[in-house]
Amino acid sequence: YIEPQRADSLLRAIIHRAEASRPVLDLFIDVSTMILHDPNSPLRNDEYYIPILEELIESPHMDEYDRIIFEHDLAIARKNRIGETAADFTYTTADGRESRMHDVDARYTLVMFSNPGCNMCADIIAEIDSSPLMNAMIEADQLKILSIYPDEDLQAWRNKLESMPSRWIVAYDKEMKISTDNLYDLRAIPSLYLLDNAKRVIIKDGTNVAAIEAAMSR
């Protein structure tokens, strides 16, 4: 692990050196995109990827088409950064009640974007539900878990409601604003965000339950 500030200068320096050879630059782009940007990469990290995108947008080797792609990726990567306030949204529960995510009152809020056909979602839900730490924090009213379904097949979502943990807030995005307004990067599901009491992002787009537990224990 490298601190983001140190990684920023290091990555920019690497790009400047790679620009001496277009084949080397292309290879660096391919490798860094696969490791840092692919939604299925265990090393995905927007904080490391952002300086790469910023440098590539300014690179004289990139054409207009390249820049459009990088500018889009940069706009998404800059959303909901660690330490910043997470984007707010309205959620609707099965009984039709609507609330704002920012109104969830807890020391920690764990937002989980999931869908009913996702096997990995089911595995992570089971792992969280069996976590002694998380259950203790829920019991102490220090943690609230908000499971959000961002898609449109509500019947499939309703069919799975009984299998969801009873102490979670289980809801859906009625207007589908999360997806249509690109409030969060949902290229891969599940996607978990750990937020503090001011709704600042502690963990962004994670799937590692142990890392989430460790962050709440610090």
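Colleague: Which exposed residues sit on the face of α5 turned away from its buried side?

Modeller: A word first: this is a predicted model. The face of α5 turned away from its buried side carries N119 and D123, both exposed.

Colleague: And which residues of α5 are buried?

Modeller: Start with the general idea. An α-helix has 3.6 residues a turn, so residues three or four places apart point the same way. Now the case here. Helix α5 runs over residues 119–129, and C121, I124, I125 and I128 are buried in it. They cover an arc of only 105° around the axis, which puts them on the same side of α5.

Colleague: Let me try α2. Which of its residues are buried?

Modeller: L25, F28, I29, S32 and L36 are buried in α2. Their arc around the axis is only 100°, which places them on the same side of the helix.

Colleague: What does the face of α2 turned away from the buried side carry?

Modeller: That face has the exposed residues P23, L27, D30 and M34.

Colleague: What span should α2 have, and how far apart are its end C-alpha atoms?

Modeller: Count 1.5 Å a residue. The 15 residues of α2 should then span 21 Å. The end C-alpha atoms are 21 Å apart, which agrees.

Colleague: Where does L43 lie?

Modeller: L43 is in the loop between α2 (22–36) and α3 (46–58). L43 is exposed too, with a relative accessible area of 58%.

Colleague: How far apart are L27 and N197, in sequence and in space?

Modeller: They are 170 residues apart in sequence. In space the distance is 42 Å, C-alpha to C-alpha.

Colleague: Back to C121. Which cysteine does a disulfide join to C121?

Modeller: The general idea: a disulfide is a covalent bond between the sulfur atoms of two cysteines. Here the partner is C118, with an S to S distance of 2.4 Å. The structure holds 1 disulfide.

Colleague: Is that disulfide right-handed or left-handed, and why?

Modeller: The torsion about the S-S bond of C118 and C121 is about 90°, so the disulfide is right-handed.

Colleague: Are the two cysteines buried or exposed?

Modeller: C118 is buried, at 13% relative accessible area. C121 is buried as well, at 1%.

Colleague: Next, the salt bridges. How many does the structure hold?

Modeller: Side chains of opposite charge can pair when their charged atoms come close. This structure holds 15 salt bridges.

Colleague: With which residue does E47 form a salt bridge?

Modeller: With R81; the closest N and O atoms are 2.7 Å apart. E47 lies in helix α3 and R81 in the loop between α4 (64–77) and β1 (90–93), so the pair ties together parts 34 residues apart in sequence. E47 is buried, at 18% relative accessibility. R81 is partly exposed, at 22%.

Colleague: What is the partner of E98?

Modeller: K174, with the closest N and O atoms 3.7 Å apart. E98 is in strand β2 and K174 in the loop between β5 and α8, 76 residues apart. E98 is partly exposed, with a relative accessible area of 46%. K174 is partly exposed at 49%.

Colleague: Which residues are linked in a network of salt bridges?

Modeller: D8, R12, E54, E55 and R78.

Colleague: Last, the backbone. Which residues does a cis peptide bond join?

Modeller: Most residues other than glycine have a negative phi, and most peptide bonds are trans. Here a cis bond joins I189 and P190, with omega about 5°. P190 lies in the loop between α8 (177–180) and β6 (191–195).

Colleague: What is the phi of M176, and what is that of K199?

Modeller: M176 has a positive phi, near 55°. M176 sits in the loop between β5 (169–172) and α8. Phi of K199 is positive too, near 65°. K199 is in the loop between β6 and β7 (201–206). At 3% relative accessibility, K199 is buried.

Key: Residues are numbered from 1 along each chain as its sequence is written. This is a predicted model: local features need pLDDT of at least 70, side-chain atom pairs count only at pLDDT 80 or more; totals for chains, interfaces and linings use all residues. Side-chain values use heavy atoms; hydrogens and water are left out. Helices (H or I, at least four residues) and strands (E, at least two) are DSSP runs, numbered from the N terminus. Buried means under 20% relative accessible area, exposed over 50%, partly exposed in between (1.4 Å probe, protein chains only). The expected span of a helix is 1.5 Å times one less than its number of residues. The arc is that of the directions from the helix axis to the C-beta atoms. A disulfide is a pair of cysteine sulfur atoms within 2.5 Å. A salt bridge is a side-chain nitrogen of Lys or Arg within 4 Å of a carboxyl oxygen of Asp or Glu.
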